[in-house]
Amino acid sequence: MIDFMLNGQPCRSEASPETSVLELLRETLAVTGTKEGCASGDCGACTVAIGEPGPDGELRYHSANACITPAHQLNGRYLVTVDGLAQGEALHPAQAAMVECHGSQCGFCTPGIVMSLFTLHEQQRQAPAPLTPQRLEAALGGNLCRCTGYRPIRNAALSMNAHPDNRPLWLDAAAPRDSEVSEQRLDLDAAFLQPTTLAELTDCLARHPKARLVAGGTDLWLETTQRLARFERVIDVTRMAELNVIEEATLEDGREGWWIGAAVSYTRLEPLLEEHYDAFAHLLHRLGSQQVRNRGTLGGNVANASPIGDTPPVLLSLGSRLRLVGPNDDHGVRERELPLEDFFLDYKRTALREGEAIRALFLPRPIEGQTLKVWKLSKRREDDISAVLGAFAWRMEGGVMRDVRLAFGGMAAIPKRAARAEAALEGQAPDAAAFLAAREALAEDFQPMSDVRGSAEYRRLSAANLLERLRLVIAQAESDSPREVMLHAYAH
């Protein structure tokens with residue numbers, strides 16, 4: 001049973017474990033303002049706002065793609081759709097601005113755009129800040145429109161505050177309430193399980209070792225929308241406090257850094273990366289839209305084990321570790337750690353044992369003098385999967401390169417370090433001869449495959465060219481801005 005607030009009204013509904021928020025709205029509840037466009041989290045037509053109490057008890061809304069958000073994750077949450085914004089003839093500022101600025105033509109994508117503007121409007125009320133081009137791009141980057149062009153939509157975003165603040169009264173009147181999930185005893189035989197502690201999680205894993213785990217659902221739920229898969233049982237890890245924290249830590253080898261819970265979203269991770277790894281932070285804006293970053297997690301991207309996942313090569317270049325959790329023989333909690341490079345075994349095959357899950361990932365603090373560069377090649381600049389992604393970390397000492405770590409995605413069946421290329425650069429001056437040797441070593445490190453995103457030859461040449469770009473960056477002592485950190489190219 002899913003118990004939540006829909007546009008200010010209590011709502012209770014049953015649904016199968018693979019049901020999406022979009023399916024629940026349109027097919028079960030007959031709330032049809034939210035539209036289905038791509039059913040893959042790309043177009044934004046189905047955007048809704050999901051509210052959760054913040055640290056101060058005030059509701060915080062984030063935008064989400066309803067087509068790939070598990071319906072059961074609404075339990076105890078507040079859902080706002082385009083159907084609930086207007087109060088009779090009084091339009092919400094997001095709606096009024098779209099009307100005045102002629103931001104809609106066919107109207108199919110408009111509900112999602114309005115909901116992205118609604119979320120932006122709520123954020124502006126709670127934490128006023130300049131609506132810079134970067135903020136507008138982030139807020140609307142996940143909404144596609146074939147009809148209008150984007151200028152009138154952008155104008156609408158900028159003019160919302162000029163309209164009467166006709167917000168639904170229930171946005172302020174509804175007092176946050178605790179999730180039903182935390183109030184009820186966990187039913188280990190339920191089809192959609194929502195543990196709230198590590199002990200409950202391991203109980204679920206012990207009882208159902210083959211259950212599918214979900215956090216953001218930005219990849220897993222594509223199996224239901226694109227392949228029409230049905231899930232017998234799903235374990236949702238988003239309600240677990242232990243998986244939603246970012247903790248400073250020092251490893252036994254003396255390295256300092258942060259353990260990042262497997263359920264921490266990209267949006268929550270961004271401030272940390274912006275402070276310490278701006279290249280990594282900028283990658284997140286090429287990884288997916290705001291709706292995707294609000295839901296997707298670092299833990300999920302790693303556990304998915306895709307050879308073209310964006311974050312694993314970066315984490316490999318930084319020397320990340322994993323903390324895994326599972327049940328022990330006494331029905332307790334067993335944990336173990338391993339380097340990330342030992343996690344990926346073969347295509348979509350990892351070191352996870354049956355009944356195990358990722359608890360946290362260790363992100364090392366940058367060492368003195370260390371530089372990180374991340375360059376992604378894709379057919380589209382925005383919201384596209386990598387053809388090749390290179391992540392390079394190193395430091396200069398006495399004119400030579402030290403602690404060289406080069407990692408690639410899209411070059412093998414798994415995200416992988418280029419060990420021979422690293423050896424060719426370690427302890428060498430960053431000159432043409434050293435990098436020529438490194439590029440030649442790549443042919444021994446990788447034997448890429450051909451697919452729709454690029455041929456094997458394209459990938460070999462691209463990876464070698466990224467190393468040449470690295471040489472030029474070092475030679476010219478460039479200080480890249482966040483916008484210069486990502487390289488985009490068209491694969492032919």
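A charge is taken to sit over a ring if NZ of Lys or CZ of Arg is within 6 Å of the ring centre and within 35 degrees of the ring normal. In this predicted model, such an arrangement is found at tryptophan 259, over whose ring the charged end of arginine 323 sits, 4.0 Å from the ring centre.

Interactions between aromatic rings were also examined, and the structure holds 7 aromatic pairs. One of these is formed by tyrosine 61 and phenylalanine 118, whose rings adopt an edge-to-face arrangement with 5.6 Å from centre to centre and 70° between the planes. Because tyrosine 61 belongs to strand β4 (residues 59-65) and phenylalanine 118 to helix α3 (residues 110-126), the pair ties together parts that are 57 residues apart in sequence. Both tyrosine 61 and phenylalanine 118 are buried. Elsewhere, Trp375, Phe392, Phe408 and Phe446 form one aromatic cluster.

The largest nonpolar core comprises 54 residues, and those with the most contacts inside it are Phe280, Val302, Val314, Leu322, Phe343, Leu363 and Leu372. Helix α11 gives the most to this core, with 6 residues. Of the 10 residues of α11 (residues 278-287), 8 are buried, so the helix is largely enclosed by the rest of the structure; among the buried residues are Phe280, His282 and Arg286. When neighbours within four places in sequence are left aside, phenylalanine 280 is in contact with Leu273, Leu298, Thr311, Val314, Leu315, Leu363 and Leu372. A second, separate core of 29 residues includes Ala49, Val82, Cys101 and Cys109.

Conventions: Residues numbered from 1 in each chain as written. Predicted model: local features only at pLDDT ≥ 70, side-chain atom pairs only at ≥ 80, totals over all residues. Heavy atoms only, no water. Phe/Tyr/Trp six-rings, centres within 6.5 Å; stacked < 30°, edge-to-face > 60°. Helix = DSSP H or I, 4+ residues; strand = E, 2+ residues; numbered from the N terminus. Buried < 20%, exposed > 50% of the residue type's maximum accessible area, 1.4 Å probe, protein only. Core = buried A, V, L, I, M, F, W, Y, C linked by side-chain atoms within 4.5 Å. Contact = heavy atoms within 4.5 Å.
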